[in-house]
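Please read this briefing beside the sequence and the 3D structure.

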Amino acid sequence: MAPRQKSYTNSSRRPVWAEVSLSALTYNLRAIRDFVNPPQEKRKAPRKILSIVKGNGYGHGGAAVAKALEKAGSDWFGVTCTEAGIEVRKAGVRKPILVLTSFVSGEEAPLLEHGLTAVIHRCDQLAALEHAAARRRSRRGSVAFHLKIDSGMNRLGIATSDIDCFARQLAKCPHLCLGGVMTHFASSEVFSSTPAGEQTRQQEERFYAALDRLRSLGIDPGLVHLANSAAITTRPETWADMVRPGAILYGYHPGYEPAERRAEFEARLLLKPVMSLRTRIINLRNVPAGEGVGYDATFVAPRPSRIAVLAAGYGDGVHRSLGNRGSVLIRGKLAPIVGIISMDVTMIDVTGVPGAELGDIATIYGTDGEHTHLASLVARGIGTVTSDLLCAVSQRVPRVYLS
């Protein structure tokens with residue numbers, strides 16, 4: 001089956017767009033939900049799913065994918081900041097929204113106004129949230145928040161030694177209610193016999209010790225959640241009450257280590273890529289052998305070559321590191337990227353692509369008919385993570401949502 005040559009067109013825009021398959025997105029959500037709720041397991045209630053839609057929904061469009069995921073049954077949503085949470089709420093999402101990096105001074109009132117749930121990662125934030133709740137005349141114990149515990153990543157979260165201090169501060173906040181306790185893993189995709197490979201187990205132990213201390217002080221932790229994308233797939237002991245899928249929602253597994261076990265881990269949870277970044281050929285030229293292509297002539301044609309110019313560059317999300325290293329999918333074949341990638345255009349060598357012509361669709365990553373050019377493989381080839389490529393798709397690239 002030949003790849004499609006008809007796709008999104010808009011005469012007022014440059015021919016570059018990102019197609020987002022909502023059916024693939026909802027498939028991934030349901031696959032994750034089924035995976036963490038195996039039928040043989042006896043639980044009073046199924047584990048909840050907190051869908052991570054930060055980073056503009058990993059480049060897919062945060063508000064749009066949140067609406068689709070809510071319709072498909074997501075229980076919670078995770079955003080970076082208050083502003084992003086408000087955007088998702090204004091799009092019509094009614095389910096709880098967790099603000100993962102919490103709030104800064106002055107954001108307390110809009111956070112509460114839009115029904116967002118703050119993550120507390122410093123004890124002093126309790127007083128600020130309590131003050132805002134009191135000013136709104138909130139009911140006693142009606143403003144829920146989640147507590148983040150730093151179990152070893154040394155980034156955000158209260159130290160495990162500060163549990164008693166947290167309990168004392170919470171007792172002074174009559175309007176607040178602890179709705180959940182969380183931590184974040186630093187190395188859950190690593191299984192090698194290295195310090196990083198041991199880190200996740202150590203984080204689990206510290207986190208559960210902190211939970212025990214909370215309970216011993218008479219504090220109900222509420223929803224307990226630890227598992228990110230890698231832990232969802234590989235560490236069922238971390239699933240707790242709720243899981244937080246990020247990259248796997250959008251069809252991509254993390255880079256599990258050691259690499260020899262990647263196929264094993266990926267086979268446990270089959271996913272579908274959600275986004276395809278596409279553009280079109282806007283120019284073709286024959287370049288003689290020995291001639292340079294693009295800035296600084298970093299590519300010199302080794303033979304008479306047919307070079308195509310694509311209407312997408314690093315200003316759209318084509319990672320600049322792909323110059324002379326990456327490739328794009330066109331007419332079912334991979335054509336190498338040649339020369340330095342410009343802000344608005346990219347050059348490819350289509351000498352080996354019979355029939356390539358003006359207007360042909362080039363898939364920078366994603367699927368085209370029966371052919372696939374995975375963003376994870378593209379990312380691996382330049383030494384970065386898949387999320388880097390997905391989040392790099394800029395705002396000037398229109399998202400086209402396909403059911």
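A crossing is called left-handed if the near helix is turned anticlockwise from the far one by less than a right angle, and right-handed if clockwise. Helix 7 passes helix 8 in a right-handed crossing. The model is predicted, with local features needing pLDDT of at least 70 and side-chain atom pairs counting only at pLDDT 80 or more, while totals for chains, interfaces and linings use all residues. Residues are numbered from 1 along each chain as its sequence is written, and side-chain values use heavy atoms, without hydrogens and water.

**Helix crossing**
- The axes of helix 7 (residues 163–170) and helix 8 (residues 195–216) come within 10 Å and cross at roughly 40 degrees.
- In this contact (heavy atoms within 4.5 Å), I163, D164 and F166 of helix 7 meet A210, R213 and L214 of helix 8.

**Largest pocket**
- Among the 37 residues that line the largest pocket, Y58, H184, N228, A247 and S387 lie nearest its centre, where lining residues have an atom within 4 Å of a point on a 1 Å grid, and a pocket is an open set of points where a 1.4 Å probe fits, with protein on both sides within 12 Å along at least five of seven lines.
- The largest pocket holds about 880 Å³ of space, a volume being the space filled by probe spheres set on the points.

**Backbone geometry**
- Y58, found in helix 2, has a positive phi of about 50 degrees although it is not a glycine.
- The peptide bond from E257 to P258 is cis, with omega near 5 degrees.

Technical notes: Axes are lines fitted to C-alpha atoms, for helices over the stretch in contact, and angles run from 0 to 180 degrees between N-to-C directions. Helices (H or I, at least four residues) and strands (E, at least two) are DSSP runs, numbered from the N terminus.
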